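Here's a quick tour of one protein model, written for someone new to reading structures. Have a look at it first, then read on.

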Amino acid sequence: MGLEEKLPSGVLLTTVEGLAGYFRKASLWPATFGLACCAIEMMTSGGPKYDLARYGMEVFRASPRQADLMIVAGRVSQKMAPVLRQIYDQMPEPKWVLAMGVCASSGGMFNNYAIVQGVDHIVPVDMYLPGCPPRPEMLIDAILKLHDKIQHGSLGVNAEREDIDNETVALRQLPLIDQTGLLR
């Protein structure tokens, strides 16, 4: 006989982390950082056809102090990198970053000295969205996956411990080419 059977109907049990995660995911306010063609697809996702407002994100914030999700859409030049970092630093905690498009994720076809080869060299990225340019449906799907990550994330000391564990696992992981056995 569990606790649920002894409680009267209509009583809901949860944890503080679960409740805070639910509220955080339901109130993401994105800060736009549209730099190239991906930004047009990002703007389209906020329009009436795709209606990003269904997920509580109807207004893209122009001020980083009001936003907690930065969507980096497009290629980041070396001159723009310090500005990107400054805006990220001005955002309040907790904050998340979504790299939209192949240029933001890995530099794309611009393999030269002027373009940053992946925005993760400047800010920590929570979600990568591939494509050139990715469709609005893909952006909404990535945001929903980020919602799931936020809702099931930890808080406080548990979050710090989780981050350290994830970093340790990533550092111990073999390079992809070694995992396939091609260089053995």
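## A tucked-away aspartate

Let's start in the loop between helix H3 (38-45) and strand E2, where you'll find Asp-68. Keep in mind that this is a predicted model. Is Asp-68 buried or exposed? Its relative accessibility is 16%, and buried means under 20%, so Asp-68 counts as buried.

Who are its neighbours? Asp-68 touches Ser-27, Leu-28, Trp-29, Met-91, Pro-94, Lys-95 and Trp-96, leaving aside residues up to four places away in sequence. With Trp-29 there's a specific atom to look for: the side chain of Asp-68 reaches the backbone nitrogen of Trp-29 at 2.8 Å.

## One face of helix H4

Now move to helix H4, which covers residues 81-90. Its buried residues are Ala-81, Leu-84 and Tyr-88. Looking down the axis of H4, you'd see them fall within an arc of 60 degrees, so they line one face of the helix. That spacing makes sense: an α-helix has 3.6 residues a turn, so residues three or four places apart point the same way.

What do the buried residues of H4 pack against? They meet strand E1 (30-34), strand E2 (69-73) and strand E3 (96-100).

## The largest pocket

Finally, the largest pocket has a volume of about 840 Å³. It is lined by 23 residues, and the closest to its centre are Trp-96, Asp-126, Lys-149, Ala-159 and Asp-163. By class, the lining has eight nonpolar, six polar and nine charged residues.

Helices H2 (16-25), H6 (136-151) and H7 (156-172) each supply at least two lining residues. H7 gives the most, with six.

Notes. Residues are numbered from 1 along each chain as its sequence is written. This is a predicted model: local features need pLDDT of at least 70, side-chain atom pairs count only at pLDDT 80 or more; totals for chains, interfaces and linings use all residues. Side-chain values use heavy atoms; hydrogens and water are left out. On a 1 Å grid over the protein atoms alone, a cavity is a set of points where a 1.4 Å probe fits but cannot get out, and a pocket is an open set with protein on both sides within 12 Å along at least five of seven lines; lining residues have an atom within 4 Å of a point. Grid points are joined across faces, edges and corners, and a volume is the space filled by probe spheres set on the points. Helices (H or I, at least four residues) and strands (E, at least two) are DSSP runs, numbered from the N terminus. Ala, Val, Leu, Ile, Met, Phe, Trp, Tyr, Cys and Pro count as nonpolar, Asp, Glu, Lys and Arg as charged, and the others, Gly among them, as polar. Buried means under 20% relative accessible area, exposed over 50%, partly exposed in between (1.4 Å probe, protein chains only). The arc is that of the directions from the helix axis to the C-beta atoms. Contact means heavy atoms within 4.5 Å. A polar contact is a pair of N or O atoms within 3.5 Å; within protein, one must be able to donate a hydrogen and the other to accept it, and residues adjacent in sequence count only if both atoms are side-chain atoms.
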